[in-house]
Amino acid sequence: NETEAKWVKEMFNWLANDGLSTGAIRDKLVSLNAPTKHGGTWRKAAVLSILTNPAYCGKTYAFTSVNHKTRRKPKAEWIEIQSDVTPAIISPELFEAAQKQLQVNREKALRNTKREYLLRGHLRCRHCGRAYVGGITTTGRKTGDRYRRIYRCLGKWKDYWKDFSPDNR
């Protein structure tokens with residue numbers, strides 16, 4: 001379907017080249033009166049489903065779920081069908097660029113932040129590669145009036161607190 005293919009290409013370009021979020025892409029599709037597959041309204045989940053589907057770059061996989069779409073298998077267990085079953089709408093390079101941008105968007109999302117941190121989403125742990133998270137510590141425990149913003153590796157922090165869990169006592 002040429003009309004659907006046109007909008008799919010636009011969505012991947014908006015993500016990979018313009019860095020738009022899935023919500024911004026949905027809003028743009030609505031404002032441009034882009035038709036949905038079933039005539040309804042655009043939802044972020046539908047946009048994300050399209051942007052993460054490798055079929056749009058011509059890759060077809062079998063045996064991707066455990067119980068008829070209820071639970072996905074790890075991608076390493078998927079079996080790729082090696083023929084030209086699915087025609088490619090976008091290039092594999094554009095698909096990979098879109099996946100990288102989705103990861104960047106996930107890391108920089110504001111939905112769960114309570115405070116602003118200048119370097120949020122830009123720092124990574126040199127040991128495990130995870131993103132650093134911002135936090136606050138108090139320097140005067142008794143008075144509690146001096147706060148300091150810090151960055152720390154969440155992976156290291158989780159490993160640290162794991163030692164103090166009731167299971168490990």
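Modeller: A charge sits over a ring if NZ of Lys or CZ of Arg is within 6 Å of the ring centre and within 35 degrees of the ring normal. The charged end of Lys6 sits over the ring of Trp7 that way, 4.1 Å from its centre. Mind you, this is a predicted model: local features need pLDDT of at least 70, side-chain atom pairs count only at pLDDT 80 or more, and totals for chains, interfaces and linings use all residues. Residues are numbered from 1 along each chain as its sequence is written, and side-chain values use heavy atoms, with hydrogens and water left out.

Biologist: What makes residues 2-16 helix H1, and how does its reach compare with the expected one?

Modeller: Helices are DSSP runs (H or I, at least four residues), numbered from the N terminus, and H1 has 15 residues. The expected span is 1.5 Å times one less than the number of residues; H1 reaches 21 Å from first C-alpha to last, close to the expected 21 Å.

Biologist: Why is Phe12 called buried?

Modeller: Buried means under 20% relative accessible area (exposed is over 50%, partly exposed in between; 1.4 Å probe, protein chains only). Phe12 has 0%, so buried it is. Phe95 passes too, with 3%.

Biologist: How many aromatic pairs are there, and what makes Phe12 and Phe95 one of the tilted kind?

Modeller: The whole structure has 2. Rings of Phe, Tyr and Trp (its six-membered ring) pair if their centres lie within 6.5 Å; planes under 30 degrees apart are stacked, over 60 edge-to-face, the rest tilted. The centres of Phe12 and Phe95 are 6.0 Å apart and the planes are at 45 degrees, so this pair is tilted. It links helix H1 to helix H4, 83 residues apart in the chain.

Biologist: How many disulfides does the rule give?

Modeller: A disulfide is a pair of cysteine sulfur atoms within 2.5 Å, and the count is 0. Cys125 is in none: the nearest cysteine sulfur, on Cys153, is 3.7 Å away.

Biologist: And why is Cys125 called buried?

Modeller: Its relative accessibility is 8%, so Cys125 counts as buried.

Biologist: What makes the Asn105 and Gln101 side chains a polar contact?

Modeller: The term needs N or O atoms within 3.5 Å (within protein, one able to donate a hydrogen and the other to accept it; residues adjacent in sequence count only if both atoms are side-chain atoms). Theirs is 2.8 Å.

Key
Helices (H or I, at least four residues) and strands (E, at least two) are DSSP runs, numbered from the N terminus.
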